Amino acid sequence: MGIKILRYTPTVLWFGAILFASFMPSQHFRHEWFLFPNEDKVIHAIMYFGLALLFLLNSRKSFSLTKRFIIISVISICFIGGVIELLQPILSNRTCDFPDFVANSTGAVLAGGVVWILGKTNMLR
């Protein structure tokens, strides 16, 4: 049982980084850091792409990566992203931003698609 839980360590660490970045006060972000407008949306998509990819790849030894499992996992990760967006104004001085939710969901859906395609081509052994 312990080895199965350890399998998800990268996913948990990545999720912890997402939580940290999501609830960090906005004054810690400097606009000079951004290279182009809406760069944060790209960062959101990458963060949730990584979360979904790590979770699905870590799950492949415990669960069959069926279409249903991938869809449920992606929907769950999108839901978590939505809850985090809704909690930001409550737990930090951040705003709830629908485009951030769309970017989060886009990253998760893309990761689900990549895992589905890799699974269909037998590249996930």
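This is a predicted model: local features need pLDDT of at least 70, side-chain atom pairs count only at pLDDT 80 or more; totals for chains, interfaces and linings use all residues.
In soluble globular proteins, nonpolar side chains tend to be buried together. In this model, the largest nonpolar core is made of 15 residues. Within that core, the residues with the most contacts are Ile18, Tyr48, Ile77 and Ala108. Three elements each supply two or more residues to the core: helix H3 (39-59), helix H4 (67-91) and helix H5 (98-120). Helix H4 gives the most, with 6 residues. Once neighbours within four places in sequence are set aside, Ile77 is in contact with Tyr48, Leu51, Ala52, Phe55 and Ala108. Two of these partners, Tyr48 and Ala108, are also listed with Ile77 among the residues with the most contacts inside the core.

Charged residues come next. Side chains of opposite charge can pair when their charged atoms come close. With Asp40, Lys41 forms a salt bridge in which the closest N and O atoms are 3.0 Å apart. Asp40 is partly exposed, with a relative accessible area of 22%, whereas Lys41 counts as buried because its relative accessibility of 19% falls under the 20% cut-off.

Lys41 also meets Asp97 in a salt bridge, at 2.9 Å from N to O. This pair links distant parts of the chain: Asp97 sits in the loop between H4 and H5, Lys41 belongs to helix H3, and 56 residues separate them. Asp97 is partly exposed, with a relative accessible area of 22%.

A further salt bridge joins Lys41 to Asp100, at 2.7 Å from N to O. Lys41 lies in helix H3 and Asp100 in helix H5, so this pair ties together parts that are 59 residues apart in sequence. Through shared partners, the salt bridges join Asp40, Lys41, Asp97 and Asp100 into one network. Asp100 has a relative accessible area of 7% and is therefore buried. Leaving out residues up to four places away in sequence, Asp100 touches Asp40, Lys41, His44 and Glu85.

The cysteines complete the picture. The count of disulfides is 0. Cys78 is buried, with a relative accessible area of 13%, while Cys96 is partly exposed, with a value of 41%.

Note on methods. Residues are numbered from 1 along each chain as its sequence is written. Side-chain values use heavy atoms; hydrogens and water are left out. A nonpolar core is a set of buried Ala, Val, Leu, Ile, Met, Phe, Trp, Tyr and Cys residues joined through side-chain atoms within 4.5 Å. Buried means under 20% relative accessible area, exposed over 50%, partly exposed in between (1.4 Å probe, protein chains only). Helices (H or I, at least four residues) and strands (E, at least two) are DSSP runs, numbered from the N terminus. Contact means heavy atoms within 4.5 Å. A disulfide is a pair of cysteine sulfur atoms within 2.5 Å. A salt bridge is a side-chain nitrogen of Lys or Arg within 4 Å of a carboxyl oxygen of Asp or Glu.
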